[in-house]
Amino acid sequence: ALLQDQIRVLKTNVDELAGRSFLSLRLPAPIPRGDSELPPLHIGPDQERAYLAVEISLQRVRTDSTRYTLEVVSSEGQSIFKTDLTGSQIQAKVEESQGILFLPLPARDLAAGNYEVRLKPASGEAPPSLKTSFRVVR
């Protein structure tokens, strides 16, 4: 009975996610050699949200009260998504979801083009701890 309940929940989750765009990114990621090698996030015309599944290595994050800013920025420098988290909050979220942070992004704010995901100390004094890029295709 427990297994059947879990299967039913998984099927419901899959049905709810059908038609939504997902892109899985790894931080830190290999540096692409050109725009054509950036992982694509496909967004349909009627979509309200797109989702990034960001795999984060905790080796580059201090898992204490150090504050970090996680941000998605367009190639023109426009911030699309931004949140502040402590290292311990990042650790908890990553451990809870087996190494993944899920970022819901407003699809209307994602024009076709290149974007960067950055995780940096909130103090702004240091370069990003982690960063990677992707491109939106419409």
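A residue is called buried under 20% relative accessible area, exposed over 50%, and partly exposed in between (1.4 Å probe, protein chains only). By that definition Gly113 counts as partly exposed, because its relative accessibility is 24%. The structure is a predicted model, in which local features need pLDDT of at least 70 and side-chain atom pairs count only at pLDDT 80 or more, while totals for chains, interfaces and linings use all residues. Residues are numbered from 1 along each chain as its sequence is written, and side-chain values use heavy atoms, with hydrogens and water left out.

**The sheet**
- An open sheet of mixed pairing is formed by five strands in the order β2-β8-β7-β4-β5; strands are DSSP runs of E with at least two residues, helices are runs of H or I with at least four, and both are numbered from the N terminus.
- Pairing requires that DSSP finds at least two bridges between two strands.
- The edge strands, β2 (40–42) and β5 (79–86), each pair on one side only.
- On average, neighbouring strands of this sheet are turned by 20° against each other, direction ignored.

**Strands β4 and β5, and helix α2**
- Seven bridges join β4 (residues 67–74) to β5 in the antiparallel sense, and Tyr68 stands opposite Leu85 in β5.
- Helix α2 (residues 87–96) packs on the sheet and touches β4, β5 and β7 (113–121); contact means heavy atoms within 4.5 Å.
- The direction of α2 makes about 100° with that of β5, where axes are lines fitted to C-alpha atoms, for helices over the stretch in contact, and angles run from 0 to 180 degrees between N-to-C directions.

**Surroundings of Gly113**
- Gly113 is found in strand β7.
- Apart from its neighbours within four places in sequence, Gly113 is in contact with Phe134, Arg135 and Val136.
- The C-alpha atoms of Gly113 and Val137 are 7.0 Å apart, although the two residues are 24 residues apart in sequence.
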